[in-house]
Amino acid sequence: MRTLRFMENLITRLEGATVLDKPGAALNTALRTVVRPGPVEDTLSGVPLGHPLHPLLVSVPIGAWTSSLVLDAVGDTDGAQKLVGLGLIAAAPTAASGASDWLTTGGAERRVGLAHALLNYAAIGAYAGSWFARRADRHRAGVGLSLVGASLLGAAGWLGGHLSYAQGVGVDTTAFQQFPADWVDAVAVDDLPTGDTLTAVEVAGIPVLVAVRDGQPVALADRCTHRGAPLHEGEVVDGCVVCPWHGGTFSLDDGSVQSGPATRPQAVFETRVREGRLQVRRPEDRALRSNPTGY
Ligand code: FES
């Protein structure tokens, strides 16, 4: 389809636009001074929710601004102005959560994320202008600026969709891993790591993190659910593995997220020892998923 090819060409150019790297890196560094690892980043990332916060928050400004157009169409100018204002208020935390997600992107994802943010900021500017125009009783200008904002918002939303659904930002990177349903040999007990060391073994084509906790072997998915880092290259702190890329921290006991930016827990395999060898199989909850990839 012609439209699709045009969009694909556009996004391919944007993904490869290295001219964005320098301003992107500068902005990233500046934002890092504000969004520090810890409670602020955890909240903005969505750790308490168990899912990224940004997709949840975007529904408020988008819903308010879209509804304001409907009220404009039926002549409820007061109501439309209130919704434009509500969208502006909701845009602040929405932008903050998006910025937090963007901090841990790199390469093509960072470029697309930057363009997504710039379009959104332009949309916010247009809606702010719309609100002030409406307050000054320049209704026609207000509606015009709202339409400009809606157009910018649509373009930004398209890029946001690309970030999530094509580039996988915010997606659990283990979502499509096929963990073995039956017991599979992992490693000899004699070769298990000691102390706070970690190792990775391949089980049915999947990297599995192996450690020993209180004398008992534990096995977790080695690929970090956040952006896919090899967790066995991280370090053990207080019974948790700290991701080597962005510092996400997971309990070695149950895989739960102890600190972000990761929001999804690590899968913890069932383990048993047979004839001096550690065997693993998938956690029970993984059996509930139908996997569309089929392999
Ligand atoms: S890859 Fe980002 S916290 Fe692990």
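Trainee: How many helices and strands are there in the protein chain? Once that is settled, please describe closely the open sheet with the order 2-3-4.

Mentor: The protein chain has eight helices and 10 strands. Helices (H or I, at least four residues) and strands (E, at least two) are DSSP runs, numbered from the N terminus. Please note that this is a predicted model, in which local features need pLDDT of at least 70, side-chain atom pairs count only at pLDDT 80 or more, and totals for chains, interfaces and linings use all residues. Residues are numbered from 1 along each chain as its sequence is written. The C-alpha trace of the protein chain spans about 80 × 45 × 40 Å along its principal axes. Of its 295 residues, 39% count as buried (20 or more other C-beta atoms within 10 Å of the residue's own, with C-beta atoms placed from the backbone; 12 or fewer is exposed, and in between is partly exposed).

Let us now turn to the sheet itself. Its three strands lie in the order 2-3-4, and their pairing is antiparallel; two strands pair if DSSP finds at least two bridges between them. Strand 2, residues 199–203, and strand 4, residues 216–221, are the edge strands, each of which pairs on one side only. On average, neighbouring strands of this sheet are turned by 35° against each other, direction ignored. The axes behind such an angle are lines fitted to C-alpha atoms, for helices over the stretch in contact, and angles run from 0 to 180 degrees between N-to-C directions. When you inspect the strands, bear in mind that in a regular strand the side chains alternate between the two faces of the sheet.

Begin with the pairing of strand 2. Five bridges connect strand 2 with strand 3, which covers residues 206–213, and the two run antiparallel. You may trace this pairing through particular residues: T199 has V210 in strand 3 as its bridge partner, and E202 has P207 in strand 3. Strands 2 and 3 form a hairpin in which two residues stand between them. In that turn, A204 has a positive phi of about 50°.

Continue across the sheet to strand 4. Strand 3 is joined to strand 4 by six bridges, and these two strands also run antiparallel. Here V208 stands opposite A221 in strand 4. Strand 3 and strand 4 likewise form a hairpin with two residues between the strands, where D214 takes a positive phi near 50°.

Strand 9 and strand 10 run antiparallel and are joined by five bridges; R274 has R277 in strand 10 as its bridge partner.

The loop between strand 9 and strand 10 (277–281) contains E275. Although E275 is not a glycine, its phi is positive, at about 50°. E275 counts as exposed because it has 8 C-beta neighbours inside 10 Å. The peptide bond that joins G260 and P261 is cis, with omega about 15°.

Finally, consider two loops between helices. D137 is placed in the loop between helix 7 (107–135) and helix 8 (139–166). Its phi is near 65°, again a positive value in a residue other than glycine. Is D137 buried or exposed? D137 counts as exposed because 9 C-beta neighbours are found inside 10 Å. G16 belongs to the loop between helix 1 (2–15) and helix 2 (21–32). With 12 other C-beta atoms within 10 Å, G16 is exposed. From C-alpha to C-alpha, G16 and G107 are 8.4 Å apart in space, while 91 residues separate them in sequence.
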